[in-house]
Amino acid sequence: MKTKKEIRNENFNRLIEEAGSISELARRCGYENPASLYQLRVRLNKQEEGSRGITNTLSAKLESGMGKPRGWMDIPQESTVGSSGTVSGSSVSAIDMSNASGRVVTVTRNTNETQITISLNLDGTGRSRFDTGVPFLEHMLDQIARHSLIDLDISCKGDLHIDDHHTVEDIGITLGQALKQALGDKAGIRRYGHAYVPLDEALSRVVIDLSGRPGLVYNLNFTRAWIGKFDVDLFSEFFHGLVNHSMMTLHIDNLSGYNAHHQAETVFKAFGRALRMAVEHDPRMAGQMPSTKGTLTA
C-alpha cells in the first residue's frame with residue numbers, strides 16, 4: 001500500500017502533466033518564480049532516505065491553483081504514472097508531435113557525457129516539456145518555447161555528478177542541430193528577427209540572422225556568478241553550441257539590469273521572440289529564398 005508521501009508525489013506529477021509544464025503549474029498556483037517547484041521535482045526524484053515530502057501547505061496551494069477539491073493530493077488516482085512514485089520530467093508524457101503538420105523534427109545526440117533527444121515543431125503553439133536535471137536551465141528553455149511559439153520537448157541524461165557544463169552545452173548543440181534540420185533550405189522565411197524585452201530593471205536586446213554563417217556576439221555581464229545553484233558562465237556555452245550548430249548569427253546584448261535572474265530571463269525571452277520572427281514564413285516572399293545569393297545553406 002502506498003504511503004501518503006508516495007501518493008502526493010504521484011499527484012504532483014499529474015498536476016505538472018495537466019498544466020503542461022512546471023512553469024505553468026507555478027503560474028496557476030501564484031508563484032512569481034517557478035524555481036522552487038523545479039527544485040522540488042529534483043528533490044522528489046532523488047527519493048533520498050528520510051527526505052521531506054510535499055507539505056500540507058504546499059498541497060493545499062497546488063489543489064487551489066489547479067481547481068482540485070480539498071484533500072485531492074492525498075487521494076490515489078487512476079494510475080497513469082509508474083508505481084514507484086518517481087517524479088521526473090520523463091514520467092510526464094512527451095509532447096505528441098506525430099500528427100503535427102509543419103516543420104517538425106526529432107534529433108538524438110549521444111556521447112559518453114550526455115544522451116539527448118530533442119523534438120520541436122517550429123509551427124507549434126509554445127508547448128514544452130523538459131527532463132534535463134538542471135532546473136534553472138529548464139526555466140529558461142520554457143521562455144524560449146513560450147515566446148517563440150515553438151513546441152519543444154527535451155530529454156537529457158548527463159553527467160551531473162561532475163557538474164552541469166556538459167549537459168547545458170550539449171543541449172545547446174542539439175537544439176542547434178534540430179533548428180537547422182527543421183528550417184531546411186529556409187525558402188520563404190523572414191530570416192531576420194529582433195526583440196527588446198524588459199523585466200523590471202533589466203532590459204535585453206537579441207538580434208538573429210539565419211544566415212548559414214555561425215557567429216555569436218555575447219555582451220552579458222552578470223552581476224553575480226551563480227543564480228541559485230546555476231553557474232551563469234554556462235549560458236555562454238549554451239549559446240555558442242546553439243549558434244555553431246544551427247548556423248545562425250546571434251547578437252545578445254544585456255542593456256541594463258542588476259538582478260542576475262532578470263538579466264538571464266530577459267535574454268531568453270528576447271531570444272524566443274526574435275526566433276519566432278526569424279523562422280516565420282513571410283507571405284510576401286512566396287517561397288523565395290531570402291538572399292541574393294540564392295541559398296542560405298551553402
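Some ground rules before the details. The model is predicted, so local features need pLDDT of at least 70 and side-chain atom pairs count only at pLDDT 80 or more, while totals for chains, interfaces and linings use all residues. Residues are numbered from 1 along each chain as its sequence is written, and side-chain values use heavy atoms, with hydrogens and water left out.

Let me start inside. A nonpolar core here is a set of buried Ala, Val, Leu, Ile, Met, Phe, Trp, Tyr and Cys residues joined through side-chain atoms within 4.5 Å. Buried means under 20% relative accessible area, exposed means over 50%, and partly exposed is in between, with a 1.4 Å probe and protein chains only. The largest nonpolar core has 55 residues. Which members touch the most others? They are Leu120, Ile208, Phe235, Phe238, Met248, Leu250 and Phe271. Helix 8, residues 260-279, gives the most to this core, with 10 residues. Helices (H or I, at least four residues) and strands (E, at least two) are DSSP runs, numbered from the N terminus. As background, nonpolar side chains tend to be buried together in soluble globular proteins.

Now zoom in on leucine 250. Contact means heavy atoms within 4.5 Å. Neighbours within four places in sequence are left aside. Leucine 250 then contacts Val206, Val207, Ile208, Gly215, Leu216, Val217, Phe239, Val243 and Phe271.

Next, the strands. Two strands pair if DSSP finds at least two bridges between them. Strand 5 (192-199) and strand 6 (202-209) pair antiparallel, over 8 bridges. Tyrosine 196 has arginine 205, in strand 6, as its bridge partner. The hairpin of strand 5 and strand 6 has 2 residues between the strands, and aspartate 200 takes a positive phi there, near 55°. Strand 6 also joins strand 10 (249-256), running antiparallel, through 7 bridges. There, leucine 203 is bridged to serine 256 of strand 10.

The order is 1-2-4-3, and the pairing is mixed. Which strands sit at the edges? Strand 1 (104-110) and strand 3 (128-131) do, each pairing on one side only. Neighbouring strands of this sheet are turned by 5° against each other on average, direction ignored. Strand 3 and strand 4 (151-158) run parallel, joined by 4 bridges. Phenylalanine 130 has isoleucine 154, in strand 4, as its bridge partner.

Two helices pack on that sheet. Helix 5 (135-148) touches strand 3 and strand 4, and its direction makes about 160° with that of strand 3. Helix 6 (165-183) touches strand 1, strand 2 (114-121) and strand 4, and its direction makes about 35° with that of strand 2. On the angles: axes are lines fitted to C-alpha atoms, for helices over the stretch in contact, and angles run from 0 to 180 degrees between N-to-C directions.

On to rings. Rings of Phe, Tyr and Trp (its six-membered ring) pair if their centres lie within 6.5 Å; planes under 30 degrees apart count as stacked, over 60 as edge-to-face and the rest as tilted. The whole structure gives 10 aromatic pairs. Take phenylalanine 238 and phenylalanine 268: a tilted pair, 5.8 Å centre to centre, with 40° between the planes. Why does this pair tie together parts that are apart in sequence? Phenylalanine 238 lies in helix 7 (233-246) and phenylalanine 268 in helix 8, so the pair links parts that are 30 residues apart. Both of these phenylalanines are buried. Ring pairs also link a cluster: Phe136, Tyr218, Phe222, Phe230, Phe235, Phe238, Phe239, Phe268 and Phe271.

Two lysines lie over rings. The criterion is NZ of Lys or CZ of Arg within 6 Å of the ring centre and within 35 degrees of the ring normal. Lysine 61 lies over the face of tyrosine 31, at 4.0 Å from the ring centre. Lysine 68 lies over the face of tryptophan 72, at 5.0 Å.

Last, some backbone details. Methionine 247 has a positive phi near 65° and is not a glycine. Methionine 247 sits in the loop between helix 7 and strand 10, and is partly exposed at 25% relative accessible area. Alanine 286 has a positive phi near 50°. Alanine 286 lies in the segment after helix 8 and counts as exposed, at 64%.
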